[in-house]
Amino acid sequence: MGDLLKVTVEKCPGCGAAIQFEHPGKPGFIPLDVYQRKLEAGEEIVCQRCFRLKHYKVLTSEADEEEIQKFLRIALRDFEKFVYVFDVFDFEGTFRPEIVRLIEKNEVIFVANKFDTLPKTVSGSQLKSWLMEVISKISEIRPSHLFITSTKNGYGLSKLKDYLFEWGGKALILGVTNVGKSSLLQTITSSNVTVSPYPGTTIGLIEHKVGKLRLYDTPGIIVGDRLIDLFDPQCQAKILARGEVARKTFKPFPEEVIFVSGLVKIQATLFSQSDVRPIFQIFAPEQVTFHKTKNLELIEHPEKHFGGLLVPPCGSFDVSKLNFKKVQMVVDESHELSIPGLCWINVKRGPVRFVLNVPENVEPRVRMALMKPKRKIH
Ligand SMILES: Nc1nc2c(ncn2[C@@H]2O[C@H](COP(=O)(O)OP(=O)(O)OP(=O)(O)O)[C@@H](O)[C@H]2O)c(=O)[nH]1
Ligand SMILES: [Mg+2]
């Protein structure tokens, strides 16, 4: 391969990976003949992975986790301005105090994206004050700039764009995989970065101009404690909330158990009274499956029924390697139980004692309720 070719196009404009001709299946690969043809025709040159993601919606190579983390550590040193993006549907899974602490001494603006996935009854201002409170609780940070956005329906984008236009200098977009970093850049700058429901779409730094600001897209930070992290990229793409989340109401008998996505087992009883049933709502993406049962065999040996009665969102999922743990939590009407990367549970009649069986890597949390109780149900 001639050096000339390397110099002409260094990076794929879709994902930021360095263009290369030697390793098919690895990020940045493009067959040399295709590259030369496109170069001569003056067509845009994107790597094979981005081309297939854009045109066929298929993922042909995965990002190298270690490389990405190494790359991010280096990038962090070079910036003093950051745009931290998180997903409001999966707040606990994507607002990461351990990452925010790395950048808090700098100028940071926070973007709460995917507002369209929340129930319509939650207003922008209600979400904002809830976020201010839960953020300061878990990270002791009071964001001075917090924007609520949806790249899907355009909510909040012009406000964010106006701010970025005047900000000046250079800023790094940062956030967990799949929160919508590239989508934001794409809509704000009308650029051609690759957006896809697979985690790890962006691979390198991609620079864009927004008024006086040079804004850089980055690879998503890979975290391992969300339920969704257990699935392969194809499966993650399926389970991701695409529109408003679905809600399902439960009023279980003490002997009943609810399986969510086949992998989380929930038993719930009212904390103080055993003769009254608890009531709660589970909010989860449309594709997440629920199974309520009294069947003891199923309750005690769920591993035997995966792929049959219990369906994780993807058929090819191998549960045999998973370890599970038991977690108990008591949640009243002013709080919610969140299972990062899967769902959250809002209590209508409580306090409820939840006994959960979850995959070992997943950390359920209790948080202040986003969906405020309107009236107490007796
Ligand atoms: N419902 C909804 N989906 C969104 C929104 N923004 C992005 N998405 C979707 O979320 C998925 C991930 O979007 P990307 O922009 O590729 O996310 P990213 O943070 O750049 O992901 P990585 O590069 O993998 O870290 C895509 O399927 C987008 O269509 C939004 O505001 N609402
Ligand atoms: Mg991206």
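Me: Which residue in S4 does phenylalanine 82 stand opposite?

Reply: Start with the terms: helices (H or I, at least four residues) and strands (E, at least two) are DSSP runs, numbered from the N terminus. Two strands pair if DSSP finds at least two bridges between them. Here, phenylalanine 82 stands opposite leucine 172 in S4. This is a predicted model, in which local features need pLDDT of at least 70 and side-chain atom pairs count only at pLDDT 80 or more, while totals for chains, interfaces and linings use all residues. Residues are numbered from 1 along each chain as its sequence is written, and chains are lettered from A and ligands numbered from 1 in the order in which they are written.

Me: How many bridges join S1 to S4?

Reply: Three bridges do, and S1 and strand S4 (residues 169-174) run parallel. S4 also pairs with strand S6 (residues 213-217), again in the parallel sense, over four bridges. There, glycine 169 is opposite leucine 213.

Me: In what order do the strands of the open sheet lie?

Reply: Five strands form it, in the order S11-S8-S9-S15-S12, with antiparallel pairing. Strand S11 (290-293) and strand S12 (324-331) are the edges, as each pairs on one side only. Inside the sheet, six bridges join strand S9 (residues 264-270) to strand S15 (residues 352-359). One detail to find: threonine 269 has arginine 353 in S15 as its bridge partner.

Me: Which residues touch the most other members of the largest nonpolar core?

Reply: A nonpolar core is a set of buried Ala, Val, Leu, Ile, Met, Phe, Trp, Tyr and Cys residues joined through C-beta atoms within 7 Å. In the largest one, with 72 residues, they are Val260, Val264, Leu342 and Cys343. Strand S1 (residues 81-87) gives the largest share of this core, five residues. A second, separate core has twelve residues, including Cys15 and Leu53.

Me: Is lysine 209 buried or exposed?

Reply: Count neighbours: a residue is buried if 20 or more other C-beta atoms lie within 10 Å of its own, exposed if 12 or fewer, and partly exposed in between, with C-beta atoms placed from the backbone. Lysine 209 is exposed, because it has 11 other C-beta atoms within 10 Å. Lysine 209 sits in strand S5 (residues 206-210). From lysine 209 to threonine 189 is 20 residues in sequence and 7.2 Å in space, C-alpha to C-alpha.
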